Amino acid sequence: MSWFFKSKQVNLAILVASFMIGFVPYFIKVPQVNEFANTLTNISSVVGQFTIVIAIYSQYRRSLRFIRERRKGWVYNIYLLTFMSLMILIGFTWGEHNATYMWLVNSIVAPCSSVVYGILAFYMFSAGARAFRARSLKASLLIVAGVIVLLYQAPLTGSVIPGIEPYAVFLTGTVGMSLSRMFAIAIITGAIMLNVRMLTGRELAFLGFAREEES
Amino acid sequence: MAELLFEIPGVESGRAFGLILILGIFILGIYYMRRGKLPYIRRVAAIDAISEAVGRSTEMGKPVLCSYGTGGFGYAVIAAMSILGHVARTCAETDTRLLVPTGGSHTSYLTRELAIDIVKGQYTAAGKPEMYNEDDMPFLSGEQYSFTAGYIGMLVRDRPGAVIMTGGHSSEAMNIAEMSNLVGALTITSGTYVSNMAALACASDYIMLVDEQPAAGAYLSKDPEQLATIRVVDIYKVLSLLLIVVGLLVLNTTGNDFIRRLLAS
């Protein structure tokens, strides 16, 4: 039976059918298809949740191997497994709104995530410092524009330097906005064309077909 | 919202012109595919650099780290899967270890299974199924920043020779790209999240911008039929720009909002 689900034609047929079920109700008024599309989306979400089990198994397996082989940083895997097991146990036993579970989320997961997010500021700074070198006319223009926007955005200098506001607002609101809209149009057009290639069976690498199988 | 220029019976209000545009892309795409005439395609440095990145890692005896984004099945992740397949195949052919960190969001569990299937498939197609190691495709976390911390941990521990970070990455992309630079890896990224592009361009050695990533699969395949479709994207980009410029000129000089109403339809 596995040959049936692994065949290119069957995969392509499922792809086209799923596309039509998602695409048609967005544009055409067909309530029955709309209802069916919602049901199908719910079913696929439920089925998708089963993959969580595989992901958790993978995490346990890898962490246990790290600990067993005393690989670099193996101690952190003990923390990881302990807290992961604890959260699974509490979550399954008392639910996700339980006070202990919420404490783990609000006092451990959220602050740790905030730390990683906070570090972003320093990375932005170091990348900016590397990029802002006036090696050409384009780079020089970038620096001038960057410095104007930076000075305006910073709370202290933005309110102190007179006359900087119209230039910074023009750069972000007109130049920056129009370019980001242009990017969005190009990305969406490229994405639709990708869909055309997929639906006509030209580009099927994402379904796991190797090069020879595709052609 | 602007007044509609026209409506088509049976089509949702305000989506008729969009439907015509999309159907137009489909028809033009199929036409160009059938024609198979190869248009001029400029060199995309970031995509060409993938082979260089894998070669560099092979020579240095280091692994390649390739990720496909943190989201669910969006176009960016699908395009990134094509790139992952290409990287896996090149790694298999050159006996280079490939690391693929997975996870990053609640919708990433499903894409992970597909990524595993792709890597396994490419190793098998290259005649080296034994190269597949489940531990090289770890699930790091379903939370964005836990995933980021795990990703950075892999970069520091395994010191890859190249990092190919494609697909939809959000703010974590900057942490990863900068850390990749710090460990001396050749960094190739893709900017699909518009707000991220400028920052990623600063942090990466090569970056795929705008529609380069969706076109990567076609570009890498070197198949004339697929490459021909890239011309359609160019046609639509020019058409969009013309509509915007003409619409602005006409609106500001004559006060006629024909194009605005057309786009609102």
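The secondary structure of chain B comprises 11 helices and seven strands, where helices (H or I, at least four residues) and strands (E, at least two) are DSSP runs numbered from the N terminus. The model is a predicted one, in which local features need pLDDT of at least 70, side-chain atom pairs count only at pLDDT 80 or more, and totals for chains, interfaces and linings use all residues. Residues are numbered from 1 along each chain as its sequence is written, while chains are lettered from A and ligands numbered from 1 in the order in which they are written.

The C-alpha trace of chain B spans about 65 × 40 × 35 Å along its principal axes. Of its 265 residues, 50% count as buried; a residue is buried if 20 or more other C-beta atoms lie within 10 Å of its own, exposed if 12 or fewer, and partly exposed in between, with C-beta atoms placed from the backbone. Two residues are taken to be in contact if their C-beta atoms, placed from the backbone, lie within 7 Å. Among the contacts in chain B with a separation of 6 or more, 71% are accounted for by residues 24 or more positions apart. The domain assignment of chain B gives domain 1 (45–221) and domain 2 (229–265), the bounds coming from an automatic or database domain assignment. The centres of domain 1 of chain B and domain 2 of chain B, taken over C-alpha atoms, are separated by 37 Å.

K222(B) is placed in the loop between α8 (216–221) and α9 (224–228) of chain B. The phi of K222(B) is positive, near 55 degrees, in a residue other than glycine. K222(B) counts as exposed because 10 other C-beta atoms lie within 10 Å.

Chain A has an average pLDDT of 85, and 97% of the residues score at least 70; pLDDT is the predictor's confidence in each residue, from 0 to 100. Within chain A, confidence is highest in helix α4 (residues 74–94), at 91, and lowest in α9(A), at a mean of 50. For chain A the domain assignment gives domain 1 (1–94) and domain 2 (132–215), and 31 Å separate the centres of these two domains, taken over C-alpha atoms. Six residues of domain 1 of chain A are in contact with seven residues of domain 2 of chain A. On the domain 1 side of chain A, the residues touching domain 2 of chain A are four nonpolar, one polar and one charged. In this classification Ala, Val, Leu, Ile, Met, Phe, Trp, Tyr, Cys and Pro count as nonpolar, Asp, Glu, Lys and Arg as charged, and the others, Gly among them, as polar.

Two packed helices are described by the angle between their axes and the distance between the axes. The axes of α3(A) and α4(A) come within 8 Å and cross at roughly 145 degrees; axes are lines fitted to C-alpha atoms, for helices over the stretch in contact, and angles run from 0 to 180 degrees between N-to-C directions. The crossing of α3(A) past α4(A) is left-handed, that is, the near helix is turned anticlockwise from the far one by less than a right angle. Q59(A), Y60(A), S63(A), F66(A) and I67(A) of α3(A) make the contact with W74(A), N77(A), I78(A), L80(A), L81(A) and M84(A) of α4(A). These residues are eight nonpolar, three polar and no charged. In the loop between α3 and α4 of chain A lies R70(A), which has a positive phi of about 50 degrees although it is not a glycine. R70(A) is exposed, since 8 other C-beta atoms lie within 10 Å.

Between the chains, 50 residues of chain A are in contact with 64 residues of chain B. Two or more residues on the chain A side come from each of α3 (31–68), α5 (99–131), α8 (165–199) and α9 (211–214) of chain A, with α8(A) giving the most, 14 residues. By class, this side has 27 nonpolar, 13 polar and 10 charged residues.

The axes of α5(A) and helix α5 (residues 144–158) of chain B come within 8 Å and cross at roughly 65 degrees, in a left-handed crossing. Here S113(A), V116(A) and Y117(A) meet Y145(B), S146(B), T148(B) and A149(B).

V196(A) lies in helix α8 of chain A and counts as buried because it has 21 C-beta neighbours inside 10 Å. Not counting residues up to four places away in sequence, V196(A) touches I25(B), F26(B), G29(B) and T229(B). The C-alpha atoms of V196(A) and F83(A), 113 residues apart along the chain, are separated by 45 Å.
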